[in-house]
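Hello,

Here is the structure I promised to pass on. Please open it beside this message and follow along.

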Amino acid sequence: MSQKRQFRLGAFIQATGHHVSAWRHPDAQIDAGHNFEHYKQITQTAERGLFDTVFLADSPAVWGGSPDTQSRNGKIAHFEPVTLFSALSAVTTHIGFVSTASTTYEEPYTLARKFASLDHLSNGRAAWNVVTTGNENAAANFGLEHHPEHSQRYERAEEFIEVVKGLWDSWEDDAFIADRESGVYFEVEKLHTLNHKGKYFSVKGPLNVARPPQGYPVIVQAGASEPGRELAARTAEVIFTANQTLADAQEFYSDVKGRLAKYGRSPDDLKIMPGAFPVIGRTEEEAQEKYEFLQSLIHPDVAWGILKQYYRGVDLSGYSLDDLAPELPSSTNNNKSRLKLVKDLASKGLTLRELYRSLATARGHRTIIGTPESIADQLQEWFDNGAADGFNIMPPILPTGLDDFVNLVIPILQKRGLFRTAYEGKTLRENLGLRRPANQYTIQVGDRQLVA
């Protein structure tokens with residue numbers, strides 16, 4: 001009898017929480033961005049809740065905006081993810097760590113090295129969230145005058161990922177025999193030098209870190225543009241996506257899963273996990289009150305800053321927040337899929353106030369409000385109807401938003417048989433139900449292993 005399909009859950013932990021003004025909430029950890037004990041607490045809470053992963057988004061630059069808007073951003077400064085997760089791996093046992101790193105503003109060798117190290121330090125719990133970077137402010141931090149074009153960033157990303165995988169395969173799993181008697185530490189024939197020469201990179205190798213315990217750290221991706229979908233179908237094992245409606249989520253799920261076969265992959269090789277921003281109350285009325293209180297914390301400068309982020313090149317000075325949202329620009333060199341989502345929202349006849357309120361919670365991800373049972377119902381609807389393999393939970397405020405989900409919603413999902421009651425394995429791949437990749441330099445032939 002086949003095992004019942006169950007949720008995959010990630011805890012998306014963003015400093016004080018995901019609401020744009022979360023830091024102003026009395027329950028928020030106000031210095032969260034540079035407070036290790038805060039991250040330790042919420043990561044251990046997620047592990048107590050049997051989450052698959054904790055996930056940190058990241059950018060190699062401060063996000064833009066006017067000085068007034070920036071001065072009201074409680075999440076503007078925070079830890080670098082791989083460094084933080086290396087420390088958190090020592091105070092946890094099972095939960096996986098999804099760290100964001102840029103293919104546009106990093107180099108394959110150093111990225112491969114630090115993620116291989118994190119996988120070893122965590123005993124096989126590392127994952128790389130592959131981003132091409134939508135923050136154009138990053139260019140000036142790396143000696144560039146202009147942020148590279150969207151299509152160029154994705155083309156570079158494809159080559160980048162292949163180089164990183166090749167470096168992770170520098171050593172075969174059993175290369176290090178450490179034979180004191182013979183004096184041989186590793187078998188020379190099990191070391192492979194990459195010698196990559198491509199359009200964007202020239203990387204000799206080999207990597208000076210042993211092959212990661214998982215073979216490769218789990219590959220995660222978040223782009224939903226056409227190039228993003230194709231890159232995910234070719235390389236990703238988990239996708240974090242933003243969808244507002246069941247129909248949109250079903251379209252995305254069907255489209256990306258449908259692309260896997262041409263790359264020799266099966267639907268189970270990729271887990272699709274939309275973001276969900278849950279506001280939980282003991283009653284529907286309490287949940288709505290919590291939501292409205294959060295929204296009341298948004299300063300007008302922040303409200304206009306949210307809107308200007310998407311209305312690039314559009315003069316909003318003649319508008320009030322109660323005017324209908326004007327048409328948004330049709331293109332961007334930043335996050336194309338997110339601009340489309342915002343355009344779809346604005347096209348529903350929203351005022352500018354309604355639009356910024358929709359984006360202030362989870363930046364276009366789905367906001368769900370209700371009792372623990374209602375939250376579970378709303379998640380299950382998507383899970384049961386071809387829209388999700390699980391969810392990336394985005395607590396409005398931290399730590400209490402994650403506490404509420406773990407204490408109140410997880411038991412309901414478990415009672416329904418939709419979520420685990422114990423971790424299945426020791427590595428992140430085992431817990432996600434993903435296969436461990438073979439070393440690309442070897443071919444299995446019967447009982448013998450030949451170098452390719």
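Contact here means heavy atoms within 4.5 Å. Helices (H or I, at least four residues) and strands (E, at least two) are DSSP runs, numbered from the N terminus.

This is a predicted model, in which local features need pLDDT of at least 70, side-chain atom pairs count only at pLDDT 80 or more, and totals for chains, interfaces and linings use all residues. Residues are numbered from 1 along each chain as its sequence is written, and side-chain values use heavy atoms, with hydrogens and water left out.

**Helix 1 against helix 3**

From helix 1, the residues F36, Y39, K40 and T43 meet L84, A87 and L88 of helix 3. By type, the residues of this contact are five nonpolar, one polar and one charged. Nonpolar covers Ala, Val, Leu, Ile, Met, Phe, Trp, Tyr, Cys and Pro; charged covers Asp, Glu, Lys and Arg; the others, Gly among them, are polar. The axes of helix 1 and helix 3 come within 11 Å and cross at roughly 65 degrees. Axes are lines fitted to C-alpha atoms, for helices over the stretch in contact, with angles from 0 to 180 degrees between N-to-C directions.

**The buried side of helix 3**

Helix 3 spans residues 81-88, and its buried residues are P81, V82, L84, F85 and L88. They sit on the same side of helix 3, because they cover an arc of only 160 degrees around the axis. The arc is that of the directions from the helix axis to the C-beta atoms. Buried means under 20% relative accessible area, exposed over 50%, partly exposed in between (1.4 Å probe, protein chains only). The cover over these residues includes helix 1 (36-48), strand 2 (53-56), strand 3 (96-102) and helix 4 (108-121).

**Two buried residues elsewhere**

L50 is in the loop between helix 1 and strand 2. L50 counts as buried because its relative accessibility is 13%. Beyond residues up to four places away in sequence, L50 touches Q414, F419, R420, T421, A422 and Y423. L50 and N431 lie 381 residues apart in sequence, yet 10.0 Å apart in space, C-alpha to C-alpha.

K257 belongs to helix 7 (residues 246-258). At 13% relative accessibility, K257 is also buried. Its side chain reaches the backbone oxygen of P267 at 2.8 Å. The side chains of K257 and D389 are joined by a polar contact of 3.0 Å. A polar contact is a pair of N or O atoms within 3.5 Å; within protein, one must be able to donate a hydrogen and the other to accept it, and residues adjacent in sequence count only if both atoms are side-chain atoms.

Best wishes
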